[in-house]
Amino acid sequence: MIFVRLKKLWHKLSPNPSPKESFEDFSPKNESFDPAEITSNLDNNLETLLKTFKNSSDFSIKRFYIEKNKEEPLAILYLDTLVDTITLNKNILEPLMHKSMKYSSSNKQSIIDFLDKSCITVSDVIQTKEMQEIITGILLGKVILLLHNHSEVLIIDCKKSMERDIEEPLLESVSRGARDGFTESVHTNISLVRQRLKDPFLKVRKLVIGERTQTEVCVLYIEDIVNSSLVKNVIQKLSSIQTDGILSDGYLEEYLEENPYSPFPQVDNTERPDKVVASLLEGRVAILVDGSPSTLVVPIFLIQLFQSPEDYYQRTLYAGMLRLLRYLSAFISVSFPAIYLSLLTYHSQFIPSTLIELLLTGRSELPFPAALEILILLFQVDLIQEASSRLLGRVGQAAGIVGSIVLGQAAIVANITSPSTVVVIATTFLSSYVVPRYALSFSLRILRYLMIFAASFLGIYGVIMAWLIIIIHLCSIESMGTPYLAPISPTKIQSLKDSIVRFPIKKMVNRPSELNPKKLVRKGESIHGTRKK
Amino acid sequence: MGQEKNDPALTPFQFFSLLFGGMLGFGSLNISRFATVAVGRDGWISVLLGGIIVMINTLVFIGLSKRFPEKTIIQYSKIILGKFLGGAIGLLFVISAIFIAGLTLAITAFIINSWILTFTPPYIIYITMLLVSLYVCIKDLKILGRVSVILFFLHIIFFFLFIPPVTQMGNLKNLFPIGKSGWINILKGIPSILYCFAGYELISIFYPYAQEKKKSAKVGLLSISILVMIYTFAVITQIITFPLDYLKKAWVPSVNFISIISVPFLERLDIIFISSWIYVFFKVISSFYYAATLEIQQIFNVKNRKFICVLIAPLIFSIAFFSGTINQIDRFTFVATSYTLGLSLTVPIILLGLSFLFKKGGGPNA
């Protein structure tokens with residue numbers, strides 16, 4: 001009888017009601033070592049656990065007696081590197097040693113129930129009988145309480161929180177808007193989202209991925225907005241992952257992508273809570289990974305990668321102009337060297353005579369053909385970029401300045417390049433930094449080489465063919481089943497309000513319809529209701 | 001595949017731009033030459049009238065497609081005429097599609113050779129263009145639809161280039177008196193104008209793949225009427241700007257027309273125009289290429305369409321390769337498009353008549 005009750009209790013207490021994501025499911029299916037069952041003999045149990053945690057110097061066992069009950073010894077076990085000592089002393093040991101005296105066996109409660117319900121002052125306490133759960137619990141920073149003559153065990157949450165302060169994300173800084181960013185703790189990150197989004201329909205589904213790392217992955221979505229097949233798709237893809245370790249959101253990104261060889265990122269990642277909330281409100285799904293400050297957002301469109309949260313905090317015209325600038329700079333970043341190369345080598349008759357004089361002065365003394373010259377310069381600038389990003393702070397800046405100025409100047413003086421080529425390459429690189437996503441500027445870098453290759457063989461025709469290939473590729477990839485080029489193609493007029501330019505926020509009444517949200521209109525739907533005057 | 005249900009994948013706008021891109025081809029560059037050679041000053045009236053004929057013909061196609069909403073012209077001609085005869089009719093369409101694709105490829109290479117890449121051998125252009133077309137053709141139809149939407153946005157911008165030359169050099173008197181060439185001449189000029197509209201028969205192949213049939217039928221007509229308007233506009237502006245004799249002799253008057261515009265940082269604007277028109281040619285080649293593979297797949301009930309795509313590529317290449325000098329290409333193109341027009345003017349009317357006679361088709365359950 002008591003087993004049945006406990007099992008029911010366990011199901012009530014367990015945080016995830018659905019059996020798919022429950023605790024047991026993520027225990028290794030066919031492990032080589034088979035932990036023994038819990039017995040009612042304390043020494044036997046301790047021996048089994050000691051064997052499991054052999055050679056782990058941070059594994060601690062403390063044995064003691066509750067007064068009056070000298071014949072029933074207790075033991076608590078934990079990894080002292082993971083456990084918060086203050087909580088352990090104040091909320092577990094102190095009540096165990098003082099309050100437990102009030103227990104009398106005449107009570108109908110068993111001693112384990114008494115300890116659980118009336119003694120220990122920690123909110124998250126679980127009773128269990130499974131050895132596997134105990135081991136997982138110890139590894140998660142929980143304290144295990146074993147009693148002699150009882151096969152039930154208490155798992156008490158006592159995890160030490162180890163995290164840095166909330167800081168502004170380095171790569172996504174804005175001049176206006178929120179300055180907080182995600183940290184490595186998934187719980188802090190969820191609370192940052194919840195603080196901004198006070199909606200009971202915001203759901204947080206927990207998954208544990210990685211057989212050895214047991215990484216906590218949380219899928220966030222607003223239940224009455226998001227398309228349910230999208231959530232199902234995401235959860236299915238995530239729970240089918242079989243690997244020993246997930247160390248960062250980048251691992252999951254690769255599992256979620258449908259075209260791993262595409263140069264374009266098909267999953268967005270951000271460290272900004274305000275951006276995650278905005279995406280959730282549009283009907284997207286966010287995936288938070290413990291141990292990584294960046295959060296994945298699916299599905300995404302290409303145009304989204306050109307948007308910054310700042311666009312919505314600035315005035316419409318300013319934001320629209322910035323966006324146009326970004327599209328232009330992406331185009332320049334990909335094809336400016338290629339167009340320059342093809343004009344110089346194939347189509348010089350199309351350049352006005354004054355300009356061609358300027359471009360060609362001194363070219364006759366250069367030892368390299370134009371294509372090679374451009375490639376050498378691009379390679380050098382790539383080197384500078386990588387070097388300065390690997391070095392710390394000011395050293396990196398110094399490397400960048402020294403590299404660019406000295407190399408550029410010296411290359412011209414040494415007749416390796418012409419000044420106009422240096423100007424072209426510098427413009428190209430500057431414009432690649434305008435793109436607000438690091439991942440996208442990387443893909444633009446790859447495409448730039450494709451363009452130069454095409455231009456050096458086929459001139460402007462090659463550039464056009466390369467663009468056609470890119471367009472066809474962009475049209476054919478999808479992010480979680482949503483066309484990547486939406487809302488431009490397939491065209492959605494309403495969603496175009498927030499694409500190339502941004503319309504005033506008052507005018508953007510609808511959510512992006514290509515995400516098939518359950519509720520298309522953005523107002524008058526909350527459970528809080530519209531505010532009464 | 002084959003007789004199975006065709007998956008509706010195209011949104012109305014994709015359907016629109018797919019048709020538009022298929023029709024807007026070489027004709028956009030040289031329609032004013034055809035109009036002026038055939039009629040003279042009043043060539044634009046023939047263009048308008050020719051457009052109306054094309055639209056009536058499209059209505060016949062749509063009427064047929066409405067009787068068999070889920071079927072392409074290959075599939076319903078098989079139903080109406082039987083497997084063998086229907087397949088033969090289908091083959092006629094395949095031949096027209098392959099020839100149009102191949103000849104457009106040859107014209108593209110010639111234009112690129114004479115404007116952009118003077119010394120590049122044409123076969124390199126054939127191969128690169130065909131490879132890129134192959135890349136889009138082995139993918140689903142919806143991807144061709146998405147690509148054509150993007151290209152539609154890209155090349156609709158360039159029609160605004162037709163406006164500045166008129167304001168710089170135009171003389172409205174060139175257009176008057178209207179109707180001086182004589183109405184009989186204007187009517188006689190229509191057949192050679194129709195040449196520029198070839199491609200509207202694609203509606204009978206892509207219609208079953210459209211999502212909203214009723215809207216798509218309207219949108220198909222709309223795309224043709226927009227094309228007619230653009231062509232008429234092009235002919236009118238060029239007649240206003242250029243002397244008639246010049247228009248009659250220029251091979252691609254539209255390009256010469258654009259090069260009137262002078263920009264300080266570019267010596268000649270026509271490189272931008274020609275470059276952007278490569279997209280137009282690509283659209284024509286890939287649409288007909290795709291249509292040809294789809295037709296072959298449905299005639300022979302082949303499962304794997306990708307295989308057909310690879311198989312047809314050398315065929316299109318050899319048509320372009322053996323088409324010869326530009327005069328021959330011109331003549332071949334005229335023959336191929338006349339053949340296509342003959343097909344699209346006669347076959348659907350016969351099929352529609354027969355389907356009424358045998359009471360085949362009619363409604364979505366056909």
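Are A:Arg445 and A:Asp382 buried or exposed? Both A:Arg445 and A:Asp382 are buried, where buried means under 20% relative accessible area, exposed over 50%, and partly exposed in between (1.4 Å probe, protein chains only). This is a predicted model, in which local features need pLDDT of at least 70 and side-chain atom pairs count only at pLDDT 80 or more, while totals for chains, interfaces and linings use all residues. Residues are numbered from 1 along each chain as its sequence is written, chains are lettered from A and ligands numbered from 1 in the order in which they are written, and side-chain values use heavy atoms, with hydrogens and water left out.

**Salt bridges within chain A**

- Over all chains the count is 24 salt bridges, a salt bridge being a side-chain nitrogen of Lys or Arg within 4 Å of a carboxyl oxygen of Asp or Glu.
- A:Arg445 and A:Asp382 form one of them, with their closest N and O atoms 3.0 Å apart.
- Because A:Arg445 lies in helix H16 (residues 438-476) and A:Asp382 in helix H13 (residues 370-390) of chain A, the pair ties together parts that are 63 residues apart in sequence. Helices (H or I, at least four residues) and strands (E, at least two) are DSSP runs, numbered from the N terminus.
- A:Asp274 and A:Arg272 form a salt bridge at 2.9 Å between the closest N and O atoms, and both residues are buried.
- The side chains of A:Asp498 and A:Arg323 also meet in a salt bridge (2.9 Å, N to O).
- A:Asp498 lies in the segment after strand S12 (482-483) and A:Arg323 in helix H11 of chain A, so this pair ties together parts that are 175 residues apart in sequence.
- A:Asp498 and A:Arg323 are both buried, and they belong to a network of salt bridges that links A:Asp311, A:Arg323, A:Arg326 and A:Asp498.

**The contact between chain A and chain B**

- Chain B gives 35 residues to the contact and chain A gives 30 residues, contact meaning heavy atoms within 4.5 Å.
- About 2800 Å² is buried between the two chains, with carbon and sulfur atoms giving 75% of this area. Buried area is the accessible area (1.4 Å probe) that two parts lose on being put together, summed over both.
- B:Tyr135, B:Arg146 and B:Tyr279 supply 21% of the area that chain B buries against chain A, more than any other three residues.
- Between chain B and chain A there are 2 salt bridges; one of them joins A:Glu478 to B:Lys142, with the closest N and O atoms 3.7 Å apart.
- On the side of chain B that touches chain A, H7(B) gives the largest share, 9 residues.

**Two buried residues**

- A:His347 is placed in the loop between helix H11 (316-345) and helix H12 (353-360) of chain A, and A:His347 is buried, with a relative accessible area of 0%.
- Not counting residues up to four places away in sequence, A:His347 touches residues of both chains, including A:Gly459, A:Ile460, B:Ile116 and B:Ile271.
- The C-alpha atoms of A:His347 and A:Ile460 are separated by 8.1 Å, although the residues are 113 apart along the chain.
- B:Ser287 is found in helix H14 of chain B and is buried, with a relative accessible area of 0%.
- Among the residues that B:Ser287 touches, not counting those up to four places away in sequence, are B:Leu18, B:Leu144 and B:Phe206.
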